[in-house]
Amino acid sequence: MYKNSLDIIDQHNWTEGSKYVELVRLNLEENKNEDECFELLVNKYNLMKPKEFKSKWNRYKRIAPKVEWISQWQMKKEN
């Protein structure tokens, strides 16, 4: 469903979509877990409040399996 980051932004608008794109980058590309993402986005950079992070993380976990470009990128990287 999400063939690139612009598909996420198109579906969720710029402000919300860019937050999901960052979660994709941190979690799927850099293999950071929820606590590490929270530490960066909430504590270090103050990009979200704790309650917003929890809400975005829960929604992100529902859309993460539909992210196609990461699995394609990882397959190219491994070869």
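This is a predicted model: local features need pLDDT of at least 70, side-chain atom pairs count only at pLDDT 80 or more; totals for chains, interfaces and linings use all residues.
Residues are numbered from 1 along each chain as its sequence is written, and side-chain values rest on heavy atoms, with hydrogens and water left out.

Side chains of opposite charge can pair when their charged atoms come close. In the whole structure, eight salt bridges were found, a salt bridge being a side-chain nitrogen of Lys or Arg within 4 Å of a carboxyl oxygen of Asp or Glu. One of them joins Glu16 to Lys56, with the closest N and O atoms 2.6 Å apart. This pair links distant parts of the chain, since Glu16 belongs to helix α1 (residues 5-29) and Lys56 to helix α3 (residues 50-63), 40 residues apart. Helices (H or I, at least four residues) and strands (E, at least two) are DSSP runs, numbered from the N terminus. Glu16 has a relative accessible area of 30% and is partly exposed, while Lys56, at 9%, is buried. Here buried means under 20% relative accessible area, exposed over 50%, and partly exposed in between (1.4 Å probe, protein chains only).

A salt bridge also forms between Lys19 and Glu52, at 2.5 Å from N to O. Lys19 is in helix α1 and Glu52 in helix α3, so this pair ties together parts 33 residues apart in sequence. Lys19 is buried at 18% relative accessible area, and Glu52 is partly exposed at 23%. Within helix α3, Glu52 contacts Lys56 in a salt bridge whose closest N and O atoms are 3.8 Å apart; these two residues are four positions apart, about one helical turn. Through shared partners, Glu16, Lys19, Glu52 and Lys56 form one network of salt bridges.

The search for aromatic pairs gave three. Rings of Phe, Tyr and Trp (its six-membered ring) pair if their centres lie within 6.5 Å; planes under 30 degrees apart count as stacked, over 60 as edge-to-face and the rest as tilted. Phe53 and Trp57 are stacked, because their ring centres are 5.8 Å apart and their planes lie at 20 degrees. Both residues lie in helix α3, about one turn apart. Phe53 is buried at 1% relative accessibility, as is Trp57 at 6%. The rings of Trp57 and Tyr60, with centres 5.2 Å apart and planes at 50 degrees, are tilted. Ring pairs link Trp57 and Tyr60 with Phe53 and Phe38 in a cluster.
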